[in-house]
Amino acid sequence: MTDIGVAVLGVGVMGADHVERLATRITGARVAVIADPVRAQAEQVAGAVPGCRVVSDPLDAIADPEVHAVLIASPGAAHEKQLLACLEQRRPVLCEKPLTTDVATSLEVAVREAALGLRLVQVGFMRRFDDEYIALKALMDSGKLGLPLVLHCIHRNVSPPPGFDSSMVIRDSLVHEVDVTRFLFGEEIDSVEIITPAPNPAAPHGVLDPQIALLRTVSGRHVDVELFVSAGVGYEVRAELVAQHGSAMIGLDSGTVSPRTLRNWGSRVTPGFRERFAAAYDTELQRWVDAVRAGADTGDYTDGPGAWDGYAAAAVCAAGVESLHSGGPVRVQLADRPSRLGR
Ligand SMILES: NC(=O)c1ccc[n+]([C@@H]2O[C@H](COP(=O)([O-])OP(=O)(O)OC[C@H]3O[C@@H](n4cnc5c(N)ncnc54)[C@H](O)[C@@H]3O)[C@@H](O)[C@H]2O)c1
């Protein structure tokens, strides 16, 4: 089979990164079309990829006859329209998180996909493709540590991008731990509580940072997450599982323990998500391309996190934002999972 043609919608930080990995490291696919309203940016990124065209309208890119699959890396607000167009054209699609920006439209995507009887949508929860998270899940599933009980997580950034507000700490940062919790424990989250300690004086004006999220799964497991987007040190994503017969930690930078200062702790603190999860993004894309190529036989164009996972994460984050405003735990309201119709 010849390489599949991929359209990449949005070539900012993530999209340009994905174009580069599709063009250089991923086998079985080529970037056929790029669409970005900033034409100069689209042309610059396309210029490094032989045979890649730039089109102005993302919907034309989705419908392009050379395109077999779509990678959405546009801002979250553009995702809904682009996802629905992919479903209408029956195009397999890898959509960066968030699936959409609200719960109702995320559910709509999951419902419309289920009605087609196909698995066309993958959402970009790349931690599921990271070696350390995969190893932790394998350890949990092996039963060696006994019953998993508690997960302690840390998610720190050097500083937030411009325009970041308190609810984005939940929707943009916590969303990853929400998916990790569902992935590791294999169950839904029942309630969320957000605690807001005294804010860091270095946080942007008005942003409640750090925040502590307390998640409770339907079977009563506890997950706590320290979210700290203006930590000023590096990109620190850790998780420690506490189980019946022991514990296990992932996300430690290599080197010896020493005081943490700007980008240093004896060795080097990982500076950002592109460095920390570079290998996971590669694996995510290669597995997606392989699934898209195999999908014509099965109707499953992904074996990764799908539309339902994107919807469930949106519902948990919405409850988190409600807790941020009201205080106290908020129950997560999940719709019935739409069943996939026969093909
Ligand atoms: N999985 C992760 O770890 C991760 C990390 C960062 C960002 N993201 C997600 O990736 C997506 C992109 O984030 P980013 O950091 O690359 O943003 P960015 O602002 O750097 O880039 C977005 C690009 O999309 C273009 N764009 C705007 N409207 C568009 C539209 N309607 N159609 C096509 N392109 C459009 C912009 O011109 C820009 O070039 C977001 O959904 C974000 O949440 C995921």
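Across the whole structure, a search finds 25 salt bridges. The structure is a predicted model, and the points below are grouped by topic. As background, side chains of opposite charge can pair when their charged atoms come close.

- Arginine 21 and aspartate 282 form a salt bridge in which the closest N and O atoms are 2.7 Å apart.

- Glutamate 108 and arginine 112 are joined through their side chains by a salt bridge, with an N to O distance of 2.7 Å.
- Helix H5 (residues 103–116) holds both glutamate 108 and arginine 112, which are 4 residues apart, or about one turn of the helix.
- Glutamate 108 is partly exposed, at 32% relative accessibility, and arginine 112 is likewise partly exposed, at 38%.

**A salt bridge between a loop and a helix**

- The side chains of aspartate 303 and arginine 287 form a salt bridge at 3.4 Å, N to O.
- Aspartate 303 lies in the loop between H9 and helix H10 (307–326), whereas arginine 287 lies in helix H9; the two are 16 residues apart, and the pair is counted as linking distant parts of the chain.
- The relative accessible area of aspartate 303 is 46%, which means that this residue is partly exposed.
- Arginine 287 is also partly exposed, with a relative accessible area of 34%.

**The ligand and its surroundings**

- The ligand is surrounded by 25 residues, and the closest of them are Met14, Asp36, Gln82, Lys97 and Tyr281.
- By type, the shell around the ligand consists of 14 nonpolar, 8 polar and 3 charged residues.
- A polar side-chain atom of glutamine 82 is 2.9 Å from a nitrogen atom of the ligand.
- A backbone N or O atom of lysine 97 is 2.9 Å from an oxygen atom of the ligand.
- Glycine 12 has a polar backbone atom 3.4 Å from an oxygen atom of the ligand.
- The ligand taken alone exposes 850 Å², of which the protein buries 76%.
- Helix H1 (13–24) and helix H4 (79–88) are the elements that give two or more residues to the shell around the ligand.

- Leucine 184 is located in helix H7 (residues 166–185).
- With a relative accessibility of 3%, leucine 184 counts as buried.
- Leaving aside residues up to four places away in sequence, leucine 184 touches Tyr133, Leu136, Lys137, Met140 and Leu151.
- Threonine 100 is 84 residues from leucine 184 in sequence, and their C-alpha atoms are 23 Å apart in space.

Key:
Residues numbered from 1 in each chain as written. Predicted model: local features only at pLDDT ≥ 70, side-chain atom pairs only at ≥ 80, totals over all residues. Heavy atoms only, no water. Near = heavy atom within 4 Å. Polar contact = N/O pair within 3.5 Å; in protein donor to acceptor, adjacent residues only side chain to side chain. Areas by Shrake-Rupley, 256 points an atom, 1.4 Å probe, with all protein chains shown as cover. Nonpolar A, V, L, I, M, F, W, Y, C, P; charged D, E, K, R; others polar. Salt bridge = Lys/Arg side-chain N within 4 Å of Asp/Glu carboxyl O. Buried < 20%, exposed > 50% of the residue type's maximum accessible area, 1.4 Å probe, protein only. Contact = heavy atoms within 4.5 Å.
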